[in-house]
Amino acid sequence: MGITFRKETFRDDFTFRNSPEHIRRFPFPFHEDAYMYAVNIEPHVIGPKGSVLENLIDVDEHYVAEMQDRALVLAEDPLRCQSLPHMTLAGWDLLELLMEQQALGYPEHFTLERDGDRWRWINRPLGIDDTFTFGDTSTLPYGPMEYITRQSQGDFCILDQRDGNLWMDAGMVTTQADWSLDFDIGMNFFEWHAPVPLAHEKGIFVRALKFLTNIQQGKPARRLNWTMTVNPRLDTSPENYHKWGPDRTTVTPENVGDKVHLRVELQSFWRLPRSNGIVFPIRCYLIKMDELVTQPKWARRLHRVIRDLPEELATYKGLTRYRPTLVEWLSKLDDGSATSSGFGPD
Amino acid sequence: MSTGTTKLDVVVSDVVPVNELVTRFHFRRRDGELLPTFSGGAHVVVEMRDGDRTRLNPYSLMGSPLDTREYTISVRRDDVGRGGSLFMHRSVKAGLEMVISYPVNLFSLDLRAKKHLMLAGGIGITPFMAQTAQLAGEGGNFELHYTCRTASLGTYADLLRERYDRRIRLYHDDLDERIELDRLLSTQPLGTHLYVCGPAGMINWVRDRAASLGWPPEAVHFEHFAAPQPGLPFDVTLAVSGKTIRVGEQQSLLEAIEAAGVDPPYLCRGGVCGQCETNVISYDGKFIHNDHWLSEEDHRSGWKIMPCVSRFEGKSLVLER
């Protein structure tokens, strides 16, 4: 049984919705009634059926619409996709990884045929059937990274590893939570994380870098991150701040449930075999408050998390303006009863 | 956070004597599938079951990364070492089933380089076998200078000359041929990266000269082949697991910890990657640090030890393991 891909938009009329099955599989990021940074990294292994972890690269009902939105972003701003000259080999690594994983997880939608370095890639949802020579960029319509990430949900950063550090030397970034590849390109791990509050003092980045530079082939890792977005907009980039920044002033007690979205990033980390680089897919999942609160446990827990969030984090995540309205709305769904431990709905 | 590597079940598909000291071993997957792709400079850790003893030794992959039907390593026999190379030479025959780790690369090419200048000494040639194959496949610009004791001990020298012709320069100790290092290092085009693999003395010499001649440290890459050294037996208390163990003469501290059923993380087993870094709770005696991971300050402090290569002499040692 294949996925039924939704026709929907992430801009203008914002017709994005989650089906009931997709609400239940949403990767709710809070395992307890409070949130603080931690190095919450775990092995990226297959999870339960019906969760976003049932395949290591997840394809869902938003796939086609997300790829259309990505094409619109790239048409307006080609610098969302950049690859420094030494990163082409890593781009081929990524192409192989994403084709293999998508074909493995969704054989009804994707097929990869290999005959030596002669490869055929069939992507049925997007109507693509291309034959090319692996390693020969001239046989594809785009560079290998751009080609495959125009067909894969989520943003992708490819990090070069050298001098005991990681360098943001290539990426496809169109669904980001207010950061810019064009600004960060060529930066190292500490440089691109410089704006994050509190975590530096806790030594989190030193430990995280040590872990990431030791990620091994065949042993990917993952973590969840989160923020909130007003309207289901995938492209909340600094470049387009003038389009989405003002949305934050439009939240009212009447429209909270429809406008405010929890935005969760499933970040994974993979060693790339030929280039020895690391790829860092950042997969964005959106859920509007009206959808989220259909799970009473999530409603109670989110209320407590947002209410008690340290001020610095609320500011960094851009919640300041509408936090009181949101907390007030959520409080009506929190009867004070205990929540079960773990992420899932009851 | 588990940081070990995945294991591969392999069978020895061929054993080929290369010269009087070096033998090459070929591995294929037991299930007939392709092995994982790797990058030039990567190593695998080979598990050797020798009676009731298990040795885990790292060896550079020397085949072409473009061919993953088999992995090949070359092992130099060390008659006074701890026995790993002797085990490989004497006991490993075609058809033997073995377990190796996934490839790990701690000696990676810098793909930004306009030119790759490689210096090899002796068995330090092995990672360059894979790196030159990788670069040649991509049309990369490299030059390899290879020092060996005699022509007959110049492992793969003929093969390299045949493949890459004048990009390979050979130096034979018995003919008193020496790399003109200063001239070589001072006449490279901008954007050249330097790679050196061989005996510690050679690596130190090259790094020193490169630094004196103004090479930026980011452009100088090296791989120490730091095998654990044998030494006097010593006793260690593992405070977390509540065990007291004895480290044998031919055993590394890491191997003794593993033999006691405690599994610290590891990758290189050669004092480079930092994975098995262990805190010292108390000690009365002196450390013999052989690693390239801890700072000199760490070595002096007595707070940390790298159990894969370092040892201890004295009355007591308590580790946080």
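In strand β16(B), B:Ile305 is the residue that stands opposite B:Thr278. Two bridges join strand β15 (residues 278-288) of chain B to β16(B), and the two run antiparallel. Strands here are DSSP runs of E with at least two residues; helices are runs of H or I with at least four, and both are numbered from the N terminus. Two strands pair if DSSP finds at least two bridges between them.

This is a predicted model: local features need pLDDT of at least 70, side-chain atom pairs count only at pLDDT 80 or more, and totals for chains, interfaces and linings use all residues. Residues are numbered from 1 along each chain as its sequence is written, while chains are lettered from A and ligands numbered from 1 in the order in which they are written.

**Sheets and strand pairs**

β15(B) and β16(B) belong to an open sheet of five strands in chain B. The order is β14-β13-β17-β15-β16, and the pairing is mixed. Its edge strands are β14 (243-247) and β16 (304-305) of chain B, each pairing on one side only.

Chain A has an open sheet of three strands, in the order β3-β4-β5, with antiparallel pairing. Here β3 (110-115) and β5 (128-133) of chain A are the edges, and each pairs on one side only. From one strand to the next, the twist averages 10°. A:Arg114 stands opposite A:Trp119 in β4(A).

Strands of a sheet pair through backbone hydrogen bonds, either parallel or antiparallel.

| Strand pair | Sense | Bridges |
|---|---|---|
| β3(A) and β4(A) (residues 118-123) | antiparallel | six bridges |
| β1(B) (residues 7-17) and β6(B) (residues 97-101) | antiparallel | five bridges |
| β3(B) (residues 42-50) and β6(B) | antiparallel | two bridges |
| β2(B) (residues 22-29) and β5(B) | antiparallel | six bridges |

Some partners can be named. B:Lys7 has B:Ser101 of β6(B) as its bridge partner. B:Ile100 in β6(B) has B:Val46 opposite. B:Val22 is the bridge partner of B:Arg76 in β5(B).

**Burial and cores**

A residue is buried if 20 or more other C-beta atoms lie within 10 Å of its own, exposed if 12 or fewer, and partly exposed in between; the C-beta atoms are placed from the backbone. By that count, strand β5 (residues 71-76) of chain B is mostly covered, with six of its six residues buried. Both faces of β5(B) are covered. One side has B:Tyr71, B:Ile73 and B:Val75; the other has B:Thr72, B:Ser74 and B:Arg76.

A nonpolar core is a set of buried Ala, Val, Leu, Ile, Met, Phe, Trp, Tyr and Cys residues joined through C-beta atoms within 7 Å. Two residues are in contact if their C-beta atoms, placed from the backbone, lie within 7 Å. The largest core has 74 residues. Among those with the most contacts inside it are B:Leu61, B:Met118 and B:Val196. B:Val196 touches B:Leu119, B:Met202, B:Ile203, B:Val206 and B:Phe222, leaving aside residues up to four places away in sequence. Another core lies apart from the largest one. That core has 35 residues, including A:Leu97, A:Phe156, A:Phe269 and A:Phe280.

**Helices of chain A**

Axes are lines fitted to C-alpha atoms, for helices over the stretch in contact, and angles run from 0 to 180 degrees between N-to-C directions. Helix α3 (residues 88-105) of chain A lies across β3 and β4 of chain A, at about 125° to β3(A).

Helices α11 (residues 296-308) and α13 (residues 323-331) of chain A cross at roughly 150°, and their axes come within 9 Å. On α11(A), the contact is made by A:Ala299, A:Leu302, A:His303, A:Ile306 and A:Arg307. On α13(A), A:Arg323, A:Leu326, A:Val327, A:Leu330 and A:Ser331 take part. By class, this contact has six nonpolar, two polar and two charged residues. Ala, Val, Leu, Ile, Met, Phe, Trp, Tyr, Cys and Pro count as nonpolar, Asp, Glu, Lys and Arg as charged, and the others, Gly among them, as polar.

**Two residues of chain A**

A:Trp192 is found in helix α6 (residues 189-192) of chain A. A:Trp192 counts as buried because it has 21 C-beta neighbours inside 10 Å. Not counting residues up to four places away in sequence, A:Trp192 touches A:Met168, A:Asp184 and A:Met187.

A:Asn255 is found in the loop between α8 (241-244) and α9 (256-259) of chain A. A:Asn255 has 14 C-beta neighbours inside 10 Å, so it counts as partly exposed. From A:Asn255 to A:Met289 is 34 residues in sequence and 9.8 Å in space, C-alpha to C-alpha.

**Between the chains**

The contact takes 17 residues from chain A and 22 residues from chain B. The side of chain A that touches chain B has five nonpolar, eight polar and four charged residues.
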